[in-house]
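Please look over the sequence and the model first, then read the notes below.

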Amino acid sequence: MTTQQTISQLYPTTILASIQPRMLNQVTEQLKTVQGITYYTPTTGRFDLAIELKAMEPQQVHEVMNKVRSLNGVTSTRTYTPFEGTETTRPVQAADSLAIVLLQVNQQTKNVVQSLQQNQHVRRAFGVQGEFDVLVTVFGKNTDEVLSTVAKIGEIQGVRTSETLVAYKPIWA
């Protein structure tokens, strides 16, 4: 009898969190002690905080997710673990501006992700499950460059709706 081993690509999970009023600074202080985070950043929009985890096994994602949920001041989270996607090889500078764009699409996710790959300011584009179909991280030298890229994303064939979370002061772990 032979066994077949399946090797799957691991992608970085993103946690979007809502925080109690006036607790953002305390939550970000607590995040400094959580292992497995690439960066975290306050955001504009319906979520107060975005946390990108390093690529890891599902059990490790679950452990980090539970640590984040247990932080004093975190009221709710949404977790997006990709199942397919792309990452840029272009370096992102610590001073770069960032945005997270959440897309609902009306065609195959793979096609939209491939179109996103063509944009030099797309850091990551992943198919995810849940309310949104694609999670995109955009970077640029400043907010204007990021927002220009966000506008172009909305014009991609297959994008039905988009929601943008502009990051401010990303903290790279």
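How many nonpolar, polar and charged residues does the lining of the largest cavity have? The lining has three nonpolar, two polar and two charged residues. The model is a predicted one. The notes begin with this cavity, pass to the strands beside it, and end with single residues.

**The cavity**

- One cavity of 30 Å³ or more turns up when the whole structure is searched.
- The space in the largest cavity comes to about 30 Å³.
- Its lining consists of Pro12, Thr14, Glu52, Arg124, Phe126, Leu135 and Thr137.
- Strands S7 and S8 each contribute at least two residues to that lining.

**Strand S7 and its partners**

- Strand S7 spans residues 122-127 and is mostly covered, with six of its six residues buried.
- Strand S5, residues 84-87, pairs with S7 in the antiparallel sense through four bridges.
- Within that topic, Gly85 has Phe126 of S7 as its bridge partner.
- S7 also pairs with strand S8, residues 134-140, again in the antiparallel sense, over five bridges.
- Phe126 has Leu135 as its bridge partner in S8, and Val122 has Val138.
- S7 and S8 make a hairpin with six residues between them. Gly130, in the turn, has a positive phi of about 125 degrees.

**Strand S8**

- S8 is largely enclosed by the rest of the structure, because seven of its seven residues are buried.
- In a regular strand, side chains alternate between the two faces of the sheet.
- Both faces of S8 are covered. On one side Val134, Val136, Val138 and Gly140 are buried, and on the other Leu135, Thr137 and Phe139 are buried.
- Strand S6, residues 97-105, runs antiparallel to S8 and is joined to it by seven bridges.

**The open sheet**

- Five strands form an open sheet with antiparallel pairing, in the order S4-S1-S3-S2-S10.
- Its edge strands are S4 (74-80) and S10 (171-172), each of which pairs on one side only.
- Inside this order, strand S2 (residues 37-42) and S3 pair in the antiparallel sense over five bridges.
- Ile37 stands opposite Leu53 in S3.

- Ser18 belongs to strand S1, residues 14-19.
- Why does Ser18 count as buried? Its relative accessibility is 16%, and the cut-off for buried is under 20%.
- Apart from residues up to four places away in sequence, Ser18 touches Arg46, Phe47, Asp48, Gly73, Val74, Thr75 and Ser76.
- Glu163 is placed in strand S9, residues 159-166.
- With neighbours within four places in sequence set aside, Glu163 is in contact with Arg46, Phe47, Ile100, Val101, Leu102 and Phe132.
- The side chains of Glu163 and Arg46 are joined by a polar contact of 2.8 Å.
- From Glu163 to Gly85 the C-alpha to C-alpha distance is 19 Å, and the two are 78 residues apart in sequence.

**Residues in loops**

- Glu57 sits in the loop between strand S3 (49-53) and helix H2 (58-69).
- Glu57 is partly exposed, with a relative accessible area of 44%.
- Glu57 and Leu10 are 47 residues apart along the chain, while their C-alpha atoms are separated by 7.1 Å.
- Arg22 lies in the loop between S1 and helix H1 (24-31). Arg22 is a residue other than glycine with a positive phi, near 65 degrees.
- Arg22 is exposed, at a relative accessible area of 78%.
- Lys169 is found in the loop between S9 and S10. Although Lys169 is not a glycine, its phi is positive, about 55 degrees.
- Lys169 counts as exposed because its relative accessibility is 69%.

Methods
Residues are numbered from 1 along each chain as its sequence is written. This is a predicted model: local features need pLDDT of at least 70, side-chain atom pairs count only at pLDDT 80 or more; totals for chains, interfaces and linings use all residues. Side-chain values use heavy atoms; hydrogens and water are left out. Buried means under 20% relative accessible area, exposed over 50%, partly exposed in between (1.4 Å probe, protein chains only). Two strands pair if DSSP finds at least two bridges between them. On a 1 Å grid over the protein atoms alone, a cavity is a set of points where a 1.4 Å probe fits but cannot get out, and a pocket is an open set with protein on both sides within 12 Å along at least five of seven lines; lining residues have an atom within 4 Å of a point. Grid points are joined across faces, edges and corners, and a volume is the space filled by probe spheres set on the points. Ala, Val, Leu, Ile, Met, Phe, Trp, Tyr, Cys and Pro count as nonpolar, Asp, Glu, Lys and Arg as charged, and the others, Gly among them, as polar. Contact means heavy atoms within 4.5 Å. A polar contact is a pair of N or O atoms within 3.5 Å; within protein, one must be able to donate a hydrogen and the other to accept it, and residues adjacent in sequence count only if both atoms are side-chain atoms.
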